[in-house]
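This briefing looks at a ligand site and at how the parts of the protein meet.

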Amino acid sequence: MSSIKNPYRPYPARLDNIKVETEDGNLKTFRIVLEDKADREAWKHTAGQFAMLSLAGKGEIPIGIASSPTEEGHLLFTVNRAGVVTTALHNMNEGDRIGVRGPLGNGFPVDTELKGKNIVIIAGGFAFTTLRATLIYMLEHRQDYGKITVIYGARTPGMLLYRDELEKWQARDDVDIHVTIDREAPGWDGLVGFVPTIAGQVAPSPDNAAALICGPPIMIKFTMPPLEEIGWTDDQVYLSLENRMKCGIGICGHCSVGPVYVCHDGPVFTRSQVQKLPIEY
Ligand SMILES: Cc1cc2nc3c(=O)[nH]c(=O)nc-3n(C[C@H](O)[C@H](O)[C@H](O)COP(=O)(O)OP(=O)(O)OC[C@H]3O[C@@H](n4cnc5c(N)ncnc54)[C@H](O)[C@@H]3O)c2cc1C
Ligand code: FES
C-alpha cells in the first residue's frame with residue numbers, strides 16, 4: 001500500500017453535537033469528531049484555518065474552523081444555511097457521518113507576528129467563527145499577548161453567536177469585550193450601533209497592535225476609516241477572505257483573485273496585501 005497521502009481524501013467523521021446558535025435557526029454549530037484515533041492525533045490546526053466538509057451525494061464546502069487548537073478531541077464549525085450543501089448539513093442529526101478534509105489555508109499568525117502585540121478583534125455577524133478560535137487560543141496563551149480588545153456585533157441579541165461564552169469573557173478582567181447590536185431591542189441593555197461606529201468609539205490604540213477583522217465587506221470598508229483616523233495602517237490589519245473553492249489546496253485555480261489562491265495563500269491576508277488584489281475591501 002502506498003504511503004503517499006491523497007490530499008483529496010476526507011477523514012471520516014461523526015456529528016457529535018449540534019447546537020442551534022441563532023433565533024432564526026439559520027446558524028448552527030456542529031461539533032465533529034474524526035472517527036479514527038490516528039486522524040484525531042494527526043490533526044493540528046492554527047486559528048484562522050478552514051476545512052472542506054463533504055456530504056455524500058451533496059458536495060464539499062469550505063468552512064472556517066471555529067474551535068481553537070487548544071480544544072482537543074473535536075472540531076467546531078458554525079454554519080450558515082446558505083444553499084444546497086449547508087441546508088443538507090443543517091438537516092442532519094447527531095451521529096450522522098460526514099467527511100472532513102484539512103486543515104487548510106494559512107490561519108492567523110498567532111505564534112509569530114501577533115505574539116507580543118496588543119490585539120484588536122473586530123467581527124460582524126457569523127464571521128466571528130474563526131475569531132472565536134483565535135480569541136480562545138490567545139486566552140489560553142494569555143502571557144504571549146498584550147491588551148486584547150474584542151468588538152463584536154450582530155443584527156439583534158438573538159443573532160449573536162456563542163452567547164454563553166460572550167458572558168464569560170465579559171466577566172474576565174484580562175480581555176475587553178464590546179458586544180453591540182444594530183438597533184435597540186427589548187431586554188437589551190448593552191451597546192447599540194454598527195460595528196464601525198463602536199470601533200470609532202472604542203478607538204483602540206495602534207501602538208504595537210494588530211487588528212483581526214472578519215465580517216461582510218461593507219462592515220470592513222466602514223470600519224477602516226475610524227481606525228485610519230487614529231493612526232492604524234494597512235500592514236497592521238488582518239482580514240480573512242472568502243471565495244468559491246473546489247480543491248482547497250492551490251491546484252484547481254477556482255479561488256484565484258489576481259495572482260493569489262485564497263485557499264492556499266490565504267484565507268488570511270493583511271489589508272496591504274488585499275489592497276494589491278483586484279477586489280474591493
Ligand atoms: C475560507 C472560507 C471559510 C468559510 N467559512 C464559513 C463558515 O465558517 N461558516 C459558514 O457558514 N460559511 C463559511 N463559508 C462560506 C461557505 O463556504 C458557503 O456558504 C458554502 O460553500 C455555501 O454552500 P451551499 O452548497 O450551501 O450553497 P450554494 O447552493 O452553493 O449557494 C447558495 C448561495 O451561497 C452563495 N455562495 C456559495 N458559496 C459561496 C462562497 N464561498 N462565498 C460566498 N457566497 C457563496 C451562492 O452564490 C448562492 O447565492 C466560508 C467560505 C470560505 C471560502
Ligand atoms: S480552490 Fe483550488 S486553487 Fe483554491
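Sorted by class, the residues of the shell around ligand 1 are ten nonpolar, seven polar and two charged. The model is a predicted one, and in it 19 residues surround ligand 1, with P62, N80, V85, T86 and R244 as the closest.

**Elements that form the shell**

- At least two shell residues around ligand 1 come from each of β4 (59–64), β5 (75–80) and α2 (84–90).
- Of the shell around ligand 1, β4 gives the largest share, with four residues.

**Polar contacts and burial of the ligand**

- The side chain of T86 places an N or O atom 2.5 Å from an oxygen atom of ligand 1, and a backbone N or O atom of G83 lies 3.0 Å from an oxygen atom of ligand 1.
- T129 has a polar side-chain atom 3.5 Å from an oxygen atom of ligand 1.
- Ligand 1 exposes 880 Å² when taken alone, and 72% of that area is buried by the protein.

**Domains and their interface**

- The protein is divided into domain 1, spanning 11–103, and domain 2, spanning 118–240, and the centres of domain 1 and domain 2, taken over C-alpha atoms, are separated by 24 Å.
- Domain 1 brings 20 residues to the contact, and domain 2 brings 17 residues.
- About 1,500 Å² is buried between domain 1 and domain 2, with carbon and sulfur atoms giving 62% of that area.
- On the side of domain 1, the residues that lose the most area to domain 2 are E21, E23 and T70, which together make up 29% of what that side buries.

Terms used
Residues numbered from 1 in each chain as written. Chains lettered and ligands numbered in written order. Predicted model: local features only at pLDDT ≥ 70, side-chain atom pairs only at ≥ 80, totals over all residues. Heavy atoms only, no water. Near = heavy atom within 4 Å. Polar contact = N/O pair within 3.5 Å; in protein donor to acceptor, adjacent residues only side chain to side chain. Areas by Shrake-Rupley, 256 points an atom, 1.4 Å probe, with all protein chains shown as cover. Nonpolar A, V, L, I, M, F, W, Y, C, P; charged D, E, K, R; others polar. Domains from an automatic or database assignment. Contact = heavy atoms within 4.5 Å. Buried area = accessible area lost by both parts, 1.4 Å probe.
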